[in-house]
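Please view the structure below before reading on.

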Amino acid sequence: MIFSLLKAGARLVLLVLRRWEIRGAENLPATGGVVLVANHVSYWDPVAIICAFKKRQVFFMAKYELFKIPLVGYAVRSSGAFPVRRDVTDRNAVRTALRLLQAGEVVGLFPEGTRSHTGDMLKPHLGAAMIALKAGTPIVPVAVSGTRGVFSKITVHVGSPIRFQSMTKATKEDLEIISDRIMDEIVLLLGS
């Protein structure tokens, strides 16, 4: 109930103040586990992405520190997000992501691991690729633009699902190749 109200309020703000546009929302599979990956330049990014999908909830992996901020933590928890401790291997976050994917949910990740303050793409971490390979789920790239500032137009570009052969023992090189491919897809979406 609370999540529905927060989402409706955010959608209204996005539509009225930010002239929000969604392209390719039909590319998100209607059912089954999906790893959704996106660029990250603003706190508006997860809000715009969550609101872009009417029929499916996106469960974002969010930095642990957000959950400790009183009102922000409540909103983040209400959205279904789950915490990740950055700069360490957080096995609980990985297990949560895998459990959600096995249950057929959409897990949202920012492969860059933090917001880019310049707007340039940062080198991706390997977690999104590793989780998608372990779960055997497709990856859907998403590019968000215009989220910086207060009144610029926000556009959410949703790319086609990318499927990789499931690997039980992917090498670091395999994960780097997949992560770079994901980021390349996001760059292409930003240019469209």
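The count of aromatic pairs comes to one, where rings of Phe, Tyr and Trp (its six-membered ring) pair if their centres lie within 6.5 Å, and planes under 30 degrees apart count as stacked, over 60 as edge-to-face and the rest as tilted. The pair is stacked, because the rings of Phe60 and Phe110 have centres 5.1 Å apart and planes at 10 degrees. Phe60 belongs to strand E3 and Phe110 to the loop between E5 and H5, so the pair ties together parts that are 50 residues apart in sequence. Both Phe60 and Phe110 are buried, a word that means under 20% relative accessible area, with exposed over 50% and partly exposed in between (1.4 Å probe, protein chains only).

This is a predicted model, in which local features need pLDDT of at least 70 and side-chain atom pairs count only at pLDDT 80 or more, while totals for chains, interfaces and linings use all residues. Residues are numbered from 1 along each chain as its sequence is written, and side-chain values use heavy atoms, with hydrogens and water left out. The predictor's confidence in each residue, pLDDT, runs from 0 to 100. Its mean over the protein chain is 91, and 98% of the residues reach 70 or more. Confidence is lowest in helix H1 (residues 2-18), with a mean of 84, and highest in E5, with 98.

Helices (H or I, at least four residues) and strands (E, at least two) are DSSP runs, numbered from the N terminus. Seven strands make up an open sheet of mixed pairing, in the order E1-E7-E6-E2-E5-E3-E4; two strands pair if DSSP finds at least two bridges between them. At the edges are strand E1 (21-23) and strand E4 (82-84), each of which pairs on one side only.

Strand E2 (residues 34-38) runs parallel to strand E5 (residues 106-109) and is joined to it by four bridges. Four bridges also join E2 to E6, and these two strands run parallel. Some facing residues are listed here.

| Residue | Partner |
|---|---|
| Leu36 | Val140 in E6 |

Five of the five residues of E2 are buried, so this strand is largely enclosed by the rest of the structure. Val34, Leu36 and Ala38 on one side, and Val35 and Val37 on the other, are all buried, which leaves both faces of E2 covered. In a regular strand the side chains alternate between the two faces of the sheet.

Helix H4 (residues 91-102) lies across E2, strand E3 (58-63), E4 and E5, and runs at about 145 degrees to E4. Helix H5 (residues 127-135) lies across E2, E3, E5 and strand E6 (139-145), and runs at about 165 degrees to E2. Axes are lines fitted to C-alpha atoms, for helices over the stretch in contact, and angles run from 0 to 180 degrees between N-to-C directions.

Thr137 is located in the loop between H5 and E6 and is buried, with a relative accessible area of 10%. Apart from neighbours within four places in sequence, Thr137 is in contact (heavy atoms within 4.5 Å) with Gly33, Val34, Val35, Leu101 and Ala132.
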